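The points below may be read with the sequence and the 3D view side by side.

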Amino acid sequence: SIPDEKPFPGQKYPDEQIVRFLATWKRRKRNDYFSTNIGREDDDIFSENMKALEINSLNPVHLEVMHGFGYRAYGVSYMPSTIMACRNGLSILGLDKNVKMRQWDGHFLPFKDAEMSMVIAGKAGYYQPNQNEFAKEVGRIAKPGGEILLFYLSSRHSYCRYLDQVKGNIFRFNEQHPNPKLVGAYIFFASPLALEKIWEPWFKVEIKYFEFNTWYQFSSFYVVTGIRNKARVMNEG
């Protein structure tokens with residue numbers, strides 16, 4: 001992972017929450033991990049012939065887990081420093097030949113149509129101001145029956161105290177944000193109804209909600225899970 005220059009308030013070490021997750025995830029069973037049981041629960045979906053993508057990977061954790069579940073795992077990021085850090089982490093884990101990192105321009109994903117069986121975006125979703133274009137691109141690379149797991153901030157997340165509205169659903173992190181690297185970053189902030197409208201042309205979706213308070217502050221998310229429609233809608237936008 002890429003450590004912050006200083007620990008967040010309430011933490012002793014930089015990126016302490018990631019260290020805690022790394023220290024515990026291997027003790028969990030498959031059904032305990034958040035990226036499983038999205039749609040189908042049979043073991044047939046965990047196949048070596050299936051590819052999984054994490055958009056804007058920040059560290060090797062999810063990539064390692066997807067590989068462990070039998071997927072051919074890929075990660076993309078538009079930040080060269082993040083790609084380098086992920087590759088170094090994968091090398092330490094002995095996965096540099098099995099899990100691939102690619103450069104992303106923030107718009108067009110570097111994969112073929114209908115190539116991915118699963119697409120995960122823990123943060124990339126709400127950092128895309130143009131949600132319709134983002135959904136179209138994810139829909140393009142997801143194969144029919146493929147799954148998505150996308151996180152979006154809810155109005156209860158403590159990050160909301162650092163947001164200033166720019167226009168409509170577009171917000172900006174203000175100078176009060178504890179991580180100076182994120183000040184000025186634009187995000188998309190929406191209701192479950194708006195998220196359904198964005199993603200349903202491409203996926204049969206379900207909007208879930210969860211919250212936890214085990215890191216440096218209260219976290220609260222809407223989670224978009226879904227299965228790719230079997231009928232391709234590439235020309236419908």
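A residue is called buried when its relative accessible area is under 20%, exposed when it is over 50%, and partly exposed in between. The model under discussion is a predicted one.

1. Overall composition. The protein has five helices and 10 strands. Of its 237 residues, 50% count as buried. Among contacts between residues at least 6 apart in sequence, 64% join residues at least 24 apart.

2. Strand E4. This strand covers residues 116–121. How many of the residues of E4 are buried? Six of the six are, so E4 is largely enclosed by the rest of the structure. The cut-off given above, under 20% relative accessible area, is the one that applies to this count.

3. The neighbours of E4. E4 pairs with E1 in the parallel sense, over three bridges. Within this pairing, Leu53 has Val119 of E4 as its bridge partner, and Glu54 has Ile120. E4 is also joined to strand E5, residues 142–153, by five bridges, and these two strands likewise run parallel. Here Met118 stands opposite Glu147 of E5. Between E4 and E5 the chain passes through helix H4 (residues 131–141), in a β-α-β crossover that is right-handed.

4. Strand E1. Residues 51–55 form this strand, and five of its five residues are buried. In which directions do these residues point from E1? Lys51, Leu53 and Ile55 point one way, while Ala52 and Glu54 point the other way; all are buried. In a regular strand the side chains alternate between the two faces of the sheet.

5. From E1 to E2. E1 and E2 run parallel and are joined by five bridges. One of the residues involved is Ile55, whose bridge partner in E2 is Val76. Together with H2, the two strands make a right-handed β-α-β unit.

6. Helix H3, its length. H3 comprises 13 residues, 80–92. At 1.5 Å a residue the helix should span 18 Å, and its end C-alpha atoms lie 19 Å apart, which agrees.

7. The buried residues of H3 are Thr82, Ile83, Ala85, Cys86, Gly89 and Leu90. They cover an arc of only 165° around the axis, which puts them on the same side of H3. An α-helix has 3.6 residues a turn, so residues three or four places apart point the same way. The face turned away from the buried side carries the exposed residues Pro80, Met84 and Ile92. What do the buried residues of H3 pack against? Their partners are helix H2 (61–68), strand E2 (72–77) and strand E3 (100–103).

8. Gly89. This glycine is found in helix H3, and at 16% relative accessibility it counts as buried. Gly89 and Val61 are 28 residues apart in sequence, yet their C-alpha atoms are 9.0 Å apart in space.

9. Backbone angles to inspect. Gly94, which follows H3, has a phi near 75°. Asn56, a residue other than glycine, has a positive phi near 60°. Asn56 sits in the loop between E1 and H2 and is buried, with a relative accessible area of 8%. Ala114, also a residue other than glycine, has a positive phi near 55°. Ala114 belongs to the loop between E3 and E4 and is partly exposed, at a relative accessible area of 30%.

Notes:
Residues are numbered from 1 along each chain as its sequence is written. This is a predicted model: local features need pLDDT of at least 70, side-chain atom pairs count only at pLDDT 80 or more; totals for chains, interfaces and linings use all residues. Side-chain values use heavy atoms; hydrogens and water are left out. Helices (H or I, at least four residues) and strands (E, at least two) are DSSP runs, numbered from the N terminus. The expected span of a helix is 1.5 Å times one less than its number of residues. Buried means under 20% relative accessible area, exposed over 50%, partly exposed in between (1.4 Å probe, protein chains only). The arc is that of the directions from the helix axis to the C-beta atoms. Contact means heavy atoms within 4.5 Å. Two strands pair if DSSP finds at least two bridges between them. A crossover is right-handed if, with the strands pointing away from the viewer, the path from the first strand over the helix to the second runs clockwise.
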